[in-house]
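Here's a walk through one protein chain, a few spots at a time. Take a look at the sequence and the 3D view, then read on.

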Amino acid sequence: MSLLVGGACERLSGSDCVSHWRIEPEQTGSEVISSHSYNSSNSSMADPVISEMPPEKPSVDFSYVGIDAILEQMRRKAMKQGFELNIMVVGQSGLGKSTLMNTLFKSKVSRKSVMGTAEERIPKTIEIKSISHDIEEKGVRMKLTVIDTPGFGDQINNENCWQPIMKFINEQYEQYLQEEININRKKRIPDSRVHCCIYFIPPTGHCLRPLDVEFMRRLSKVVNIVPVIAKADTLTLEERDFFKKKIREELRANNIDVYPQKEFDEDTEDRLINEKIREMIPFAVVGSDQEYQVNGRRLLGRKTKWGTIEVENIAHCEFAYLRDLLIRTHMQNIKDITSSIHYEMYRVRRLNENNMQANGLSEHHPASHEI
């Protein structure tokens with residue numbers, strides 16, 4: 001609103017200038033008339049001298065409508081409402097999930113960072129734990145929710161260990177659906193749907209485990225999956241490149257569509273950008289929330305006897321590419337695909353199920369025949 005008021009003030013001051021400018025010709029005109037009468041009375045004088053006319057108004061572009069102002073209106077509205085982002089991290093214990101989340105947002109956002117450093121026992125079953133933070137940067141507010149899955153892949157028998165995660169994701173869709181179909185629904189429905197799932201692959205250097213393949217095959221149908229190779233500094237560059245190539249081959253062989261999915265490219269420009277990303281997947285990342293001084297610069301990294309691994313240096317790891325994908329270039333697209341593809345598929349399926357149940361009741365319920 002302050003911008004609108006400011007704009008109004010500028011227009012008011014402009015109108016003041018115009019009205020002030022209009023007063024001048026009257027005064028000048030009177031001077032011209034008196035000068036003309038004086039000159040007419042003096043026969044020896046030449047023709048009356050007309051005083052200098054006021055400057056012309058700047059030309060106005062009459063073809064301008066102002067449609068482009070919608071962008072500023074949308075920006076103001078978005079700034080007022082803020083944004084929501086829900087990220088799930090999945091992987092066995094010890095792969096640096098909490099550290100990577102802290103590194104992504106350069107603050108203590110992971111569950112372990114908030115809950116303290118007390119040693120945890122490995123849960124007997126998979127637990128879904130989430131924690132939310134309100135983050136603000138340069139006036140932009142965002143509610144970030146990090147969903148952790150302690151216990152995944154840590155058991156001797158990991159059969160069906162993806163089911164609690166699948167159930168949680170569908171529960172968030174169901175919660176949103178119930179809010180949406182209410183007669184008196186909220187002006188803005190709280191969005192707890194999982195927008196992105198970062199899947200941590202152990203740095204074995206060989207191939208995907210059956211657990212990795214089965215999880216991504218099932219979950220890629222309901223959520224955007226971004227696979228990463230955890231603790232990539234344990235691999236040599238040759239091992240890393242071979243491992244990445246092997247993983248891409250296995251993803252294609254098992255028809256696993258990770259984000260960004262080919263079928264959702266909107267145009268040629270998107271296709272070119274996303275092809276480059278797909279060639280880099282999975283991202284080989286290193287996480288660290290420790291700062292070190294290197295050549296007079298403070299940076300996030302991991303210090304070893306051989307030197308410092310710089311987290312944001314693309315020559316050392318691919319963390320910067322992951323950060324750009326999730327936050328700087330594709331965040332809105334990730335949310336759009338969640339809403340228009342994954343949630344929409346769930347919504348259609350649930351509404352069809354409800355219709356089938358209603359039809360079944362109408363056929364078999366005795367009251368339906370009476371009506």
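Is Asn-160 buried, partly exposed or exposed? Asn-160 is partly exposed, because its relative accessible area is 31%, and the cut-offs are under 20% for buried, over 50% for exposed and anything in between for partly exposed (1.4 Å probe, protein chains only).

## Before we go on

This is a predicted model, where local features need pLDDT of at least 70 and side-chain atom pairs count only at pLDDT 80 or more, while totals for chains, interfaces and linings use all residues. Residues are numbered from 1 along each chain as its sequence is written, and side-chain values use heavy atoms, with hydrogens and water left out.

Back to Asn-160: you'll find it in the loop between strand S3 (140-148) and H5. Helices (H or I, at least four residues) and strands (E, at least two) are DSSP runs, numbered from the N terminus. Asn-160 and Glu-214 sit 54 residues apart in sequence, and their C-alpha atoms are 9.1 Å apart in space.

## The nonpolar core

A nonpolar core here is a set of buried Ala, Val, Leu, Ile, Met, Phe, Trp, Tyr and Cys residues joined through side-chain atoms within 4.5 Å. The largest one has 75 residues, and Ile-198, Phe-215 and Leu-219 have the most contacts inside it. Helix H5 (residues 163-180) gives this core its largest share, 7 residues.

Helix H7 (residues 237-253) has 17 residues and reaches 24 Å from its first C-alpha to its last, close to the 24 Å expected at 1.5 Å a residue. That expected span is 1.5 Å times one less than the number of residues. Which residues of H7 are buried? They are Arg-240, Phe-243, Lys-244, Ile-247, Glu-250 and Leu-251. Seen down the axis of H7, these buried residues fall within an arc of 130 degrees, so they line one face of the helix; the arc is that of the directions from the helix axis to the C-beta atoms. As a rule, an α-helix has 3.6 residues a turn, so residues three or four places apart point the same way.

What covers that buried side? The cover includes strand S4 (196-201), helix H6 (210-219), strand S5 (225-229), helix H8 (268-280) and strand S6 (283-284). On the face of H7 turned away from the buried side, you'll see the exposed residues Glu-238, Arg-252 and Ala-253.

## Two buried polar residues

His-330 lies in the loop between helix H9 (319-329) and helix H10 (331-364). With a relative accessible area of 9%, His-330 is buried. The side chains of His-330 and Asn-274 are joined by a polar contact of 3.0 Å. A polar contact is a pair of N or O atoms within 3.5 Å; within protein, one must be able to donate a hydrogen and the other to accept it, and residues adjacent in sequence count only if both atoms are side-chain atoms. Beyond its neighbours within four places in sequence, His-330 is in contact with residues including Tyr-259, Ile-277 and Asp-324.

Asn-102 belongs to helix H3 (residues 97-105) and counts as buried, at 4% relative accessibility. Its contacts, leaving aside neighbours within four places in sequence, include Ser-107, Ser-113 and Asp-289.

Most residues other than glycine have a negative phi, and most peptide bonds are trans. Asn-255 has a positive phi of about 55 degrees although it is not a glycine. Asn-255 lies in the loop between H7 and H8 and is exposed, with a relative accessible area of 67%. Lys-231, also not a glycine, has a positive phi of about 50 degrees; its place is in the loop between S5 and H7, and at 37% relative accessibility it counts as partly exposed.

Now for the peptide bonds. Tyr-259 and Pro-260 are joined by a cis bond, with omega about 0 degrees, and Pro-260 is in the loop between H7 and H8. The bond from Ile-281 to Pro-282 is cis too, with omega near 0 degrees, and Pro-282 is found in the loop between H8 and S6.

## Cysteines

How many disulfides are there? Counting pairs of cysteine sulfur atoms within 2.5 Å, the total is 0. Cys-161 is buried at 8% relative accessibility, whereas Cys-207 is partly exposed, with a relative accessible area of 36%.

How values were computed. Contact means heavy atoms within 4.5 Å.
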